[in-house]
Amino acid sequence: MTALWLLLHLTSLGLGIPQPSVPGRSFQRPAVAWPSLFKLNLSREVEETIQIPNNSSAPLLVAVQVFVSNVFNVDILRYTVSSMLLLKLSWLDTRLAWNASVYPRHAVTLPWDSLWTPRLTILEALWVDWRDESPQARVHQDGLVELTLALTTETNCNFDLLHFPRDQSHCSLSFYALSNNVTELEFQVHAVNEIVSVKREYVVYDLTTQVPPWQLVPCFQLTLSLKNTALKSIIALLVPAEALLLADVCGGLLPLQATERIAYKVTLLLGYLVFHSSLVQALPSSSSCNPLLIYFFTILLLLLFLSTMETVLLAGLLARGTLGAKSSPSPASRGEQRDHENPGPNPEEAPRGIKGSRRSWPETADHIFFLMYVAGVVCSQFIFVGIWVWAACKSDAAPGEAAPHGRQPRP
């Protein structure tokens, strides 16, 4: 009771008790010049209020409600995600309780640095922006303390991109109270999804919380389950690739001796090379479990290259055979000379005429290759769909999972 009265008195004077800063973009208050009277006579009860409450043999239970209001800037190339959170913490500190019959106020508001509060650090955070640099704690007459913290943070996330762009990932935010140990402090966590906007590429379809066991430092973990809507990637990646492959198949219907066929095939190949180079920059890469689309687009590139090389090779052989036939006397010219000398019917000309209407061997080989190519393209599509449905990949364990930030080392 005396401690609370002194805290209220100090608060009315605009004074505070310095506390360690919160990691990230922390709460920073300027140093306060204390009057000599307070320097000499600062009550021991007030000093004890900035220490964690002693809950006898059991750790102090801090209830945490995590409200997720927004998840944005999901960057799969940098493996980062930004989120806006609201933390509501409450715990019981009997040192701050008072008699309501003597002091009729049901609750008072105190600066956060005038009493003990959990100092939280986000393990995966690149930066943290605390929206209120001087939050206020609300103390009820029974000693119940409530503290609300609003923050925006960017954190690392190990995206599972094997099935990109239909990927689903789980991003964790681990909150640690590094200034305490597990015998002093314990968290009880509940999460609420307050995201109202779904007009984005990645949406949050689930929220889970847990208190990891076997920790040396009190902590709790919030897991964001993200799902890719995939519409943008399908329109920008899959549709152009399948259209180029279909155009290449249709190019096989052009006659082999047509000069436009080579130009058509080469144009398609060059266009796909430009598309593939930009595609490599758009898709993320990883040390393990790369997206299946990377292998799919590489196979398409090999199919287009094989089709173009077949056209160039067989068209060259056909042109070489045609030039050779023109340079040597043809059977038709020799038949015409015989007709002038002997204008009677020649029964041997009919089979030759029929034989001359057959395809040359490069054209026959091109026709066989076209049938095999169409069958190969169709089979590759079905094989890829099967791999997409049944394939699974487990990423390699991070080297820092052994014992980071006070976790129990593995044997």
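Predicted model: local features only at pLDDT ≥ 70, side-chain atom pairs only at ≥ 80, totals over all residues.
How many aromatic pairs does the count come to? I looked this up and found 11 aromatic pairs. Rings of Phe, Tyr and Trp (its six-membered ring) pair if their centres lie within 6.5 Å; planes under 30 degrees apart are stacked, over 60 edge-to-face, and the rest tilted.

Residues are numbered from 1 along each chain as its sequence is written, and side-chain values use heavy atoms, without hydrogens and water.

Next, I placed the pair. Tyr272 and Phe275 both lie in helix H5 (residues 259-282), 3 residues apart, about one turn of the helix. Helices are DSSP runs (H or I, at least four residues), numbered from the N terminus. Both residues are buried; that means under 20% relative accessible area, with a 1.4 Å probe and protein chains only. Tyr272 and Phe275 belong to one aromatic cluster with Phe296, Phe297, Phe384 and Trp388.

I stayed in helix H5 for Arg261. Arg261 counts as buried because its relative accessibility is 2%. Leaving aside neighbours within four places in sequence, Arg261 is in contact with residues including Glu310 and Asp366. Contact means heavy atoms within 4.5 Å.

Technical notes:
Helix = DSSP H or I, 4+ residues; strand = E, 2+ residues; numbered from the N terminus. Buried < 20%, exposed > 50% of the residue type's maximum accessible area, 1.4 Å probe, protein only.
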